[in-house]
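Trainee: I would like to learn how to read a few local features in a structure, one at a time. Could we go through them together?

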Amino acid sequence: QVQLVESGGGLVQPGGSLRLSCQASGATFSIGQAAWYRQAPGKQRALVAIISRYGSVNYADSVKGRFTISTDTAKSTVYLQMDSLKAEDTAVYYCNGDLTGSSGSNYFNIWGQGTQVIVSS
């Protein structure tokens, strides 16, 4: 079964750091792009960071200079390093990507289940 599984969320104090991971199960991020989104209470899901298959990255203005998106060499895991966290970063973070399954089939716009990040003192 092709799926994305996020981990690494939790409670952190303002100014702290967290590293989110997104593991592709039964597939790799070998095509297209991978991205992290977040959804705060009462707000729409919004793009946080995106990385192309060629390694180019883009970030939401609100996280530039604080967050870093990266992939491992095997393209099966995407990371989001979050530093200098603020209360307004509190949200459920979702991984999204285009995948290639072990059978060679491609899967587009796959979402993970989300991981909660709470920034609070």
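Trainee: Is Ser84 buried, partly exposed or exposed?

Mentor: This is a predicted model, in which local features need pLDDT of at least 70 and side-chain atom pairs count only at pLDDT 80 or more, while totals for chains, interfaces and linings use all residues. Residues are numbered from 1 along each chain as its sequence is written, and side-chain values use heavy atoms, with hydrogens and water left out. Buried means under 20% relative accessible area, exposed over 50%, and partly exposed in between, with a 1.4 Å probe and protein chains only. Ser84 has a relative accessible area of 41%, so it is partly exposed.

Trainee: Where does Ser84 lie, and what is its phi?

Mentor: Strands (E, at least two residues) and helices (H or I, at least four) are DSSP runs, numbered from the N terminus. Ser84 lies in the loop between E9 and E10. Most residues other than glycine have a negative phi. Ser84, although not a glycine, has a positive phi of about 50°. Asn109, in strand E11 (residues 106-111), is another residue other than glycine with a positive phi, near 55°, and Asn109 is partly exposed because its relative accessible area is 47%.

Trainee: Which residues does Arg66 touch, not counting those up to four places away in sequence?

Mentor: Contact means heavy atoms within 4.5 Å. On that basis Arg66 touches Gln81, Met82, Asp83, Ser84, Leu85, Lys86 and Asp89, with residues up to four places away in sequence not counted. Arg66 is placed in the loop between strand E7 (57-59) and strand E8 (67-71), and with a relative accessible area of 11% Arg66 is buried.

Trainee: Which residues have the most contacts inside the largest nonpolar core?

Mentor: A nonpolar core is a set of buried Ala, Val, Leu, Ile, Met, Phe, Trp, Tyr and Cys residues joined through side-chain atoms within 4.5 Å. The largest one has 27 residues, and Phe29, Trp36, Leu80, Met82 and Tyr93 have the most contacts inside it. Among the strands that each supply at least two residues of this core are strand E3 (18-25), strand E9 (77-82) and strand E10 (91-101). Leaving aside neighbours within four places in sequence, the contacts of Met82 include Arg66, Phe67, Tyr93 and Val117.

Trainee: How many disulfides does the structure hold?

Mentor: A disulfide is a pair of cysteine sulfur atoms within 2.5 Å. The structure holds 1 disulfide, formed by Cys22 and Cys95 with their sulfur atoms 2.1 Å apart. Cys22 lies in strand E3 and Cys95 in strand E10, so the pair ties together parts that are 73 residues apart in sequence. The torsion about their S-S bond is about -85°, so the disulfide is left-handed. Both Cys22 and Cys95 are buried.
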